[in-house]
Amino acid sequence: MKKLLVVATGNPGKLKEMQAYLADSGWELTLKPEDLDVEETGDTFAANACLKASEVAIATGNWAIADDSGLKVDALNGSPGVYSARYGNTDAERISRLLGELGNTENRQAQFVCAVAVANPAGEIVLQSEGICRGEILYSTRGEGGFGYDPIFYVPEKQLTFAEMSPELKKSISHRGNALKSLVPQLVKVWG
């Protein structure tokens, strides 16, 4: 029998992505209740992930998993960082603002960061992990896939943006993939 793990998101796309990573972990994933909102007040990705996992676990009485992720651009002193999703109202606005702030800056180095936290039903954080994917910010968008900053985040080793990658390739090298890869063995132990 699988153990229930509530994903601290209302986004079915994120649930599906996490299910793919955790398919063999022995856990059954489900979305958090629609009316349960957790304000992200942390100043780091890890703090926000812990906050969401803990509050959702306490509210539902189940184990909960949460992630927080975003883009950190070297030339912008790590911005947009934890404010990545709030950098504009739409993906297009966020990309436009970021490219405008970078202008013709030659240093385009950046990284996507993802922090993941798991809380027990009492709200105690029992597992944490972080994943990073380094890359560069292009001067304009490329590719139709993905979401968020994917069309401007270029991975030199693959010579593709996240938006140009197949879902399988992105999963294998992304920040979320890296964070969840290191978490799966720990989750299996917790379940066992």
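Throughout these views, buried means under 20% relative accessible area, exposed means over 50%, and partly exposed is anything in between (1.4 Å probe, protein chains only). This is a predicted model, so local features need pLDDT of at least 70 and side-chain atom pairs count only at pLDDT 80 or more, while totals for chains, interfaces and linings use all residues. Residues are numbered from 1 along each chain as its sequence is written, and side-chain values use heavy atoms, with hydrogens and water left out.

**View 1. Glu39 and Asp68, the pair from the record.** UniProt, in an unreviewed entry, lists Glu39 and Asp68 under "binding site"; such positions are given in the numbering used here, feature names are shortened, and annotations may be inferred rather than shown by experiment. The two span 30 residues in sequence, yet no two of their C-alpha atoms are more than 11.9 Å apart, so they gather at one spot. Of this set, Asp68 belongs to the lining of the largest pocket. Glutamate 39 sits in the loop between β2 (27–31) and α2 (45–60); helices (H or I, at least four residues) and strands (E, at least two) are DSSP runs, numbered from the N terminus. With 63% relative accessibility, glutamate 39 counts as exposed.

**View 2. A closer look at aspartate 68.** This residue is part of strand β3. Aspartate 68 is buried, at a relative accessible area of 6%. Setting aside residues up to four places away in sequence, aspartate 68 touches Glu40, Thr44, Phe45, Asn48, Ala49, Lys52, Val82, Val113, Cys114 and Ala115, where contact means heavy atoms within 4.5 Å.

**View 3. The largest pocket.** Here there is about 1,100 Å³ of space. Pockets and cavities are found on a 1 Å grid over the protein atoms alone: a cavity is a set of points where a 1.4 Å probe fits but cannot get out, a pocket is an open set with protein on both sides within 12 Å along at least five of seven lines, and lining residues have an atom within 4 Å of a point. Grid points are joined across faces, edges and corners, and the volume is the space filled by probe spheres set on the points. Among the 44 lining residues, Asn11, Lys14, Ser69, Phe147 and Arg176 are the closest to the centre of the largest pocket. Two or more lining residues come from each of α1 (12–21), β3 (63–73), α3 (91–102), α4 (167–173) and α5 (175–191), and α1 gives the most, with six. By class, the lining has 14 nonpolar, 13 polar and 17 charged residues (Ala, Val, Leu, Ile, Met, Phe, Trp, Tyr, Cys and Pro count as nonpolar, Asp, Glu, Lys and Arg as charged, and the others, Gly among them, as polar).

**View 4. Cysteines without a bond.** Zero disulfides turn up in a search of the whole structure, a disulfide being a pair of cysteine sulfur atoms within 2.5 Å. Cysteine 50 is in no disulfide, and its nearest cysteine sulfur, in cysteine 114, is 12 Å away. For cysteine 114, the closest cysteine sulfur is that of cysteine 133, at 12 Å, too far for a bond. Cysteine 50 is buried at 16% relative accessible area, and cysteine 114 is buried at 0%.
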